[in-house]
Amino acid sequence: MSQRYLALDVLRGLTVALMIVVNTPGDWGSVYAPFLHAEWHGFTLTDLVFPSFLFVVGNALAFALGKYENLGHGAVLAKLCKRSALIFLLGFLLYWFPFFKIDDAGQFAWSSLSHTRIPGVLQRIAVCYLAAALILHYWKTRGALLFSACALLGYWAILACFGDYSLHGNAPAKLDLILLGDSHLYHGEGIAFDPEGILGTLPAIVNVIAGYLAGSFLRQAAPARLRASLVQLAVAGVICVAVALCWNEVFPINKKLWTSSYVMLGIGLDLLLLALLMFIIDVRQMTGWTYFFEVFGKNTLFIYLVSEVLVIIAFTVRIGDGNLYQWLYRHGFTGWAPAQVGSLLFAVSFMLLCWLIAYGMDKRKIYIKV
């Protein structure tokens with residue numbers, strides 16, 4: 001039996017809302033700890049956002065992949081590759097946007113492609129989506145489980161044999177420098193190190209596969225046995241978290257390296273969160289609050305892009321000795337509240353602005369899919 005559950009849409013919307021909040025604080029120096037990534041090893045609420053995004057991509061794939069099966073292998077391959085390539089291109093253009101720069105002297109110059117970051121959030125989503133979909137299409141569930149085990153254990157072996165787990169000595173950074181070069185990588189850590197680099201994409205594929213398996217399991221669950229299915233989902237989540245915590249002793253939980261223990265922790269927490277949401281929404285029918293997140297979930301990728309583009313524009317527009325982003329924060333959220341409160345309120349306000357855009361689109365039945 002095929003069943004579509006509201007909780008899956010709410011989880012997707014919740015993930016997007018939280019992603020916008022953690023990406024847009026008023027002041028990065030005044031942020032509550034849960035809204036910051038762990039500096040290196042460790043885990044915070046913010047570190048759950050990206051793997052959850054991949055998990056919900058897998059959830060959606062559980063409902064879409066079956067529709068592709070009747071198209072034939074060639075048509076499936078073309079459809080998956082086209083969608084993945086478009087998402088990757090959007091991510092790359094996002095880092096190149098606004099395609100020009102204005103220096104302190106007011107001089108205008110085109111941004112060089114030779115210094116544009118290649119890896120990124122959407123790029124990783126695109127590659128993970130394509131890889132997971134192809135694995136599940138051709139190798140089915142058993143093959144996907146085998147791939148997941150090999151990917152997580154193999155990634156651990158690669159990092160242990162070809163470097164260490166430090167910022168300066170890890171294997172993913174070495175590979176990215178060789179294949180992509182310094183100028184195409186993220187430098188937010190003070191050196192050329194990209195948290196969305198090539199090698200770390202391997203274990204990230206498992207997050208999508210886990211989302212697919214959870215979505216497929218729920219899709220086939222009989223409504224009369226939904227409570228029992230949720231218990232199974234929660235037990236699987238607890239097991240994954242336990243495995244992650246044990247693995248952490250020898251292979252630290254680390255979002256920026258996307259370690260295998262981090263993958264297991266993210267999957268476990270997502271399974272527990274999904275089970276909780278389904279119990280509240282689909283079993284207890286407590287749905288009065290869900291529309292807010294449904295709105296985000298209906299235009300997920302588009303709203304994420306809008307949020308990023310608006311931030312880039314705000315940082316580009318010059319006002320006085322700063323930019324529009326800083327000006328809005330200083331004049332609207334400082335002076336009347338503690339720094340951390342003001343910074344969080346700015347982020348929440350920006351998230352609500354994005355929600356209004358999504359709400360307007362939903363009311364007009366505008367749904368942009370890639």
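What radius of gyration would a compact globule with 370 residues have, and what does the protein chain have? A compact globule of that length would come near 21 Å, and the protein chain has 21 Å, which agrees. The radius of gyration is taken over C-alpha atoms, and the globule rule is 2.2 Å times the number of residues to the power 0.38.

## About the model

Before we look around, a word on the ground rules. This is a predicted model, in which local features need pLDDT of at least 70 and side-chain atom pairs count only at pLDDT 80 or more, while totals for chains, interfaces and linings use all residues. Residues are numbered from 1 along each chain as its sequence is written, and side-chain values use heavy atoms, with hydrogens and water left out.

## The whole chain

The protein chain has 12 helices and four strands. Helices (H or I, at least four residues) and strands (E, at least two) are DSSP runs, numbered from the N terminus. Along the principal axes, the C-alpha atoms fill a box of roughly 65 × 50 × 45 Å.

Of the 370 residues, 50% count as buried. Buried means under 20% relative accessible area, exposed means over 50%, and partly exposed is in between (1.4 Å probe, protein chains only). The chain exposes about 17,100 Å², and carbon and sulfur atoms supply 68% of that area. Accessible areas come from the Shrake-Rupley method with a 1.4 Å probe; for residues, only the protein chains shown count as cover. Contacts (heavy atoms within 4.5 Å) tell us about the fold too: among those between residues at least 6 apart in sequence, 74% join residues at least 24 apart.

## A network of charges

A search of the whole structure finds six salt bridges. A salt bridge is a side-chain nitrogen of Lys or Arg within 4 Å of a carboxyl oxygen of Asp or Glu. Let us start with Asp 194 and Arg 117, whose closest N and O atoms are 2.8 Å apart. This pair links distant parts of the chain, 77 residues apart: Asp 194 is in the loop between helix 5 (171-179) and helix 6 (201-220), and Arg 117 is in the loop between strand 2 (108-110) and helix 4. Asp 194 counts as buried because its relative accessible area is 3%, and Arg 117 is buried at 14%.

Arg 117 also forms a salt bridge with Glu 196, the closest N and O atoms being 2.7 Å apart. Glu 196, buried at 7% relative accessibility, meets Lys 255 in a further salt bridge (3.3 Å, N to O). Salt bridges that share partners join Arg 117, Asp 194, Glu 196 and Lys 255 into one network.

Which residues of helix 9 are buried? They are Phe 293, Glu 294, Val 295, Phe 296 and Gly 297. What covers them includes helix 1 (6-23), helix 10 (300-316) and helix 12 (339-363).

Take a closer look at Glu 294, which is found in helix 9 (residues 291-298). Glu 294 is buried yet has no salt bridge; the nearest side chain of opposite charge, Lys 298, is 4.7 Å away. For charge, Lys and Arg count as positive and Asp and Glu as negative, while His and the chain ends are not counted. Leaving out residues up to four places away in sequence, Glu 294 touches Leu 6 and Val 10.

## A nonpolar patch

Val 231, Val 235, Ile 239 and Val 243 make a nonpolar surface patch of about 320 Å². Patches are made of residues with over 30% relative accessible area and no salt bridge: like charges are joined within 9 Å, and nonpolar side chains (Val, Leu, Ile, Met, Phe, Trp, Tyr) within 5 Å. Val 243 belongs to helix 7 (residues 226-247) and counts as partly exposed because its relative accessibility is 34%. An α-helix has 3.6 residues a turn, so residues three or four places apart point the same way.

Most residues other than glycine have a negative phi, and most peptide bonds are trans. Phe 97 and Pro 98, however, are joined by a cis peptide bond, with omega about 5°. Pro 98 lies in the loop between helix 3 (73-96) and strand 1 (100-102).

Lys 140, in helix 4, has a positive phi near 60°. Gln 285 has a positive phi of about 60° although it is not a glycine, and Gln 285 lies in the loop between helix 8 and helix 9. Gln 285 is exposed, with a relative accessible area of 54%.
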